[in-house]
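Open the model in your viewer and keep the selection tool at hand. The stops below are meant to be taken in order.

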Amino acid sequence: MKRSLRAAVIGLGSAGSAHARILRSLEHVTLVAVADTEPTRLGEFDGVHSVRNIDELLHLELDYCVVATPTADHERIGLALATAGIHALIERPLAPSAPAAIRLARAFEGAGLVGAVVHIERYDTTVKELGLRLRRGDFGAVYQVAVRRHEGCAERADVVTSMGADIIDLAMWLIGRHVTSVAANASRDGAPRYEDHAVILLRLSGGEIANIEISRSSPHREWVVVVRTASGCVEADALTRTLTYYAEDKTISYEVPISEPLRSQHEAFRDALLGLPSDIAMLREGAAVVAATEAVLTSARMGACVTPADHFLTPG
Ligand SMILES: NC(=O)c1ccc[n+]([C@@H]2O[C@H](COP(=O)([O-])OP(=O)(O)OC[C@H]3O[C@@H](n4cnc5c(N)ncnc54)[C@H](O)[C@@H]3O)[C@@H](O)[C@H]2O)c1
């Protein structure tokens with residue numbers, strides 16, 4: 001490798017600060033700039049350019065930029081980066097609507113740039129190991145993915161567009177298909193602003209099903225993926241870091257290598273820029289997730305089965 005990739009982060013809230021921390025120690029990458037409209041957020045980043053907005057970033061000969069501003073700004077900032085020929089890794093949800101998300105995906109594809117979205121659950125150590133083995137065909141064809149993810153975390157969005165988005169991306173990645181229909185229910189604890197619990201049933205394009213149970217206000221944590229395949233059943237427990245395969249005549253436990261999910265994701269994005277094999281979620285996948293989460297919320301509100309908007313499937 002001739003030189004380090006020049007990277008920046010825009011938006012230094014809780015998500016952006018974590019990205020900047022990783023970029024400061026990522027091999028083959030140099031964090032050269034950070035940007036935030038709020039000057040107090042810039043203070044802690046010595047030795048890098050500190051600027052206030054996207055326009056000031058565009059002159060710093062960046063290879064790529066991580067976009068971690070609030071979701072409402074992703075499209076405007078992403079389009080400015082694409083126009084300037086700068087690759088981007090954009091936080092989730094990719095955009096506030098599926099049409100905005102697909103405009104972003106098309107802008108990066110049209111410019112021949114790598115545009116990717118942060119969907120962290122496919123980088124959880126145990127789940128990633130499950131995904132690598134499934135995608136390699138170790139367990140045969142996938143029929144069903146069941147996910148239970150219960151947390152006691154506070155986020156400023158409904159559980160479907162936050163945790164649910166990452167899990168829907170995970171289901172599509174594990175199965176290697178897109179969502180064709182959704183039936184869902186969601187509810188709130190008492191009177192909070194957003195949905196706290198959801199049960200989501202997805203049909204995927206190869207006829208597979210995914211059933212997803214999520215909540216973010218549970219005192220009991222659970223983070224389990226169970227996959228039924230042609231040869232048996234495999235269970236990943238991300239909390240205990242165990243991966244177990246069950247067939248009629250045997251049970252096998254696999255070693256799970258330890259890695260930090262956010263770092264693995266940044267390594268995957270960097271590898272995509274370097275032309276190496278990478279399992280980063282591309283913007284088109286992020287747009288498919290936005291379309292699926294919209295369908296989930298519509299289904300939960302209408303009490304009906306919903307087909308996600310499919311404009312993300314067609315090129316151009
Ligand atoms: N915080 C998390 O755990 C988390 C997890 C997953 C995804 N995300 C996503 O990351 C994004 C940011 O979330 P957050 O929780 O870090 O938000 P935040 O509000 O904590 O931080 C956003 C930062 O962006 C800055 N900002 C706003 N508009 C800007 C602009 N136009 N130019 C430059 N800076 C600007 C703000 O001053 C602030 O410092 C969102 O899309 C969110 O959905 C966050």
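A salt bridge here is a side-chain nitrogen of Lys or Arg within 4 Å of a carboxyl oxygen of Asp or Glu. This is a predicted model, in which local features need pLDDT of at least 70, side-chain atom pairs count only at pLDDT 80 or more, and totals for chains, interfaces and linings use all residues. Residues are numbered from 1 along each chain as its sequence is written, and side-chain values use heavy atoms, with hydrogens and water left out.

**Stop 1: the two domains**

Colour 5-119 + 265-282 as domain 1 and 121-257 + 290-313 as domain 2; these bounds come from an automatic or database domain assignment. The C-alpha centres of the two domains are 26 Å apart. Their contact (heavy atoms within 4.5 Å) draws on 18 residues from domain 1 and 18 residues from domain 2.

Together the domains bury about 1300 Å², with 52% of it on carbon and sulfur atoms. Buried area is the accessible area (1.4 Å probe) that two parts lose on being put together, summed over both. Now select R92, H119 and D279: they supply 48% of the area that domain 1 buries against domain 2, more than any other three residues.

How many salt bridges are counted between domain 1 and domain 2? The count is one. Show the side chains of R92 and D166, which meet in a salt bridge at 3.1 Å, N to O.

**Stop 2**

Helices (H or I, at least four residues) and strands (E, at least two) are DSSP runs, numbered from the N terminus. Select residues 29-35, strand β2, where six of the seven residues are buried. Buried means under 20% relative accessible area, exposed over 50%, and partly exposed in between (1.4 Å probe, protein chains only).

**Stop 2: F269**

Move to helix α7, residues 261-273, and pick out F269. Is F269 buried or exposed? F269 counts as buried because its relative accessibility is 0%. Beyond its neighbours within four places in sequence, F269 is in contact with residues including Y64, H87, L89 and I280.
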